[in-house]
Amino acid sequence: MAAAALKRLWSRSRREQGNAVPAKPSVWTRLGAWARALLRDYAEACGDAAAATRARPVRAAVYLGLLGGAAACFALAPSEEAFEEALLDASGSLLLLAPATRNRDSEAFLQRLLWLRGRGRLRHVNLGLCSLVYEAPYDAQASLYQARCRYLQPRWAEFPDRILDVGFVGRWWVLGTRMHDCDINDDEFLHLPAHLRVVGPHQLRSEANERLFDEKYQPVVLTDDQVDQALWEEQILQKKKKDKLALSQAESLVQSESLR
């Protein structure tokens with residue numbers, strides 16, 4: 001009897017404790033709490049960053065400039081299609097020049113790139129801030145043992161020697177540098193003295209050259225004396241022509257009389 005009463009009392013207390021346990025929150029409630037905590041953390045981080053910026057504006061400006069520059073470099077890193085376009089443009093520019101006026105270094109570098117491109121040995125890699133174009137020993141589709149064996153691949157120490165061009169801020173710098181003076185053949189000036197083989201910028205764009213270049217489009221103005229001198233020279237020239245014609249006619253008449 002007492003045992004049955006204790007059992008009923010124990011089961012009643014367990015039911016009461018089970019009813020007192022709070023209900024488990026739903027998924028959306030937990031997700032909302034997580035989102036609010038995340039936004040609170042980001043708000044505190046932004047507040048701390050703003051306070052640090054006000055405290056040290058120079059350092060903040062430097063950091064922002066570095067981040068902006070890195071983002072711009074990442075966005076402007078040229079792709080493989082950009083290199084193909086630049087290579088074809090350089091080839092077209094070189095083809096428009098006569099063979100005698102082409103720069104030998106530019107032509108040799110461009111011919112090497114086209115030769116490697118024709119054999120599928122050009123590789124492009126995007127490093128984020130810049131891009132590289134390098135030379136591969138074999139075509140990517142080659143099935144030779146030397147091309148597939150990882151123990152026969154070029155060493156990493158040889159990689160700098162295989163780099164052909166560097167793309168940075170939307171430009172291929174090595175190709176642009178090689179094509180800078182593609183229309184100047186240095187072999188044409190080998191017979192000149194050493195001090196005449198190099199022309200400085202001040203010699204190409206001097207004030208005298210600029211003045212002469214502008215003056216050639218100006219109308220020619222002659223004085224009265226110059227006009228009289230030109231008319232007198234024209235009369236003398238016409239008289240000489242008439243005398244020469246009369247002399248030739250006289251010689252022809254003399255020759256005809258002598259033949260008779």
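Predicted model: local features only at pLDDT ≥ 70, side-chain atom pairs only at ≥ 80, totals over all residues.

Me: How many bridges hold E2 and E3 together?
Reply: Four bridges, with strand E2 (residues 131-135) and strand E3 (residues 163-168) paired in the antiparallel sense. If you want to find them on screen, look for Leu132 opposite Val166 in E3. Another spot to check is Tyr134, whose bridge partner in E3 is Ile163.

Me: And how many between E3 and E4?
Reply: Two bridges join that antiparallel pair. Gly167 has Trp172 in E4 as its bridge partner.

Me: What's going on at the turn there?
Reply: The hairpin of E3 and E4 has two residues between the strands, and Val169 takes a positive phi near 55° in this hairpin.

Me: Which way do side chains point in a strand, anyway?
Reply: In a regular strand they alternate between the two faces of the sheet.

Me: New topic: the core. Which residues have the most contacts inside the largest nonpolar one?
Reply: That core has 15 residues, and the ones with the most contacts inside it are Phe83, Leu110, Leu113, Leu122, Leu175 and Met179. Helix H4 (80-95) and helix H5 (104-118) are the elements that give two or more residues to this core.

Me: Let's zoom in on Phe83. What is it in contact with?
Reply: If we skip the neighbours within four places in sequence, Phe83 is in contact with Leu113, Leu122, Val133, Asp165 and Trp172.

Me: Okay, salt bridges. How many are there?
Reply: The structure has seven salt bridges. One of them is between the side chains of Glu84 and Arg117, at 2.6 Å from N to O. Glu84 is in helix H4 and Arg117 is in helix H5, 33 residues apart, and the pair links distant parts of the chain.

Me: Are those two buried or exposed, or something in between?
Reply: In between. Glu84 counts as partly exposed because its relative accessible area is 24%, and Arg117 is partly exposed too, at 36% relative accessibility.

Me: What does Glu135 pair with?
Reply: Glu135 forms a salt bridge with Arg112, at 2.8 Å from N to O. Arg112 lies in helix H5 and Glu135 in strand E2, so this pair ties together parts that are 23 residues apart in sequence. Glu135 also forms a salt bridge with Arg121, and the closest N and O atoms there are 2.8 Å apart. Arg121 sits in the loop between H5 and E1, so that pair ties together parts 14 residues apart in sequence.

Me: Why does Glu135 count as buried?
Reply: Its relative accessible area is 16%, and buried means under 20%. Arg121 is buried as well, while Arg112 counts as partly exposed at 40% relative accessibility.

Me: Which residues are linked in a network of salt bridges?
Reply: Arg102, Arg104, Glu107 and Asp187 are linked that way.

Me: Last one: which residues make the nonpolar surface patch?
Reply: Trp28, Leu31, Trp34, Leu38 and Tyr42 make a patch of about 650 Å².

Me: Where does Leu38 lie?
Reply: Leu38 is in helix H2 (residues 27-55). With a relative accessibility of 32%, Leu38 counts as partly exposed.

Me: Great, I'll go and find these on screen.

Methods. Residues numbered from 1 in each chain as written. Heavy atoms only, no water. Patch = residues over 30% accessible without salt bridge, like charges linked within 9 Å, V, L, I, M, F, W, Y side chains within 5 Å. Areas by Shrake-Rupley, 256 points an atom, 1.4 Å probe, with all protein chains shown as cover. Salt bridge = Lys/Arg side-chain N within 4 Å of Asp/Glu carboxyl O. Buried < 20%, exposed > 50% of the residue type's maximum accessible area, 1.4 Å probe, protein only. Core = buried A, V, L, I, M, F, W, Y, C linked by side-chain atoms within 4.5 Å. Contact = heavy atoms within 4.5 Å. Pairing = 2+ DSSP bridges.
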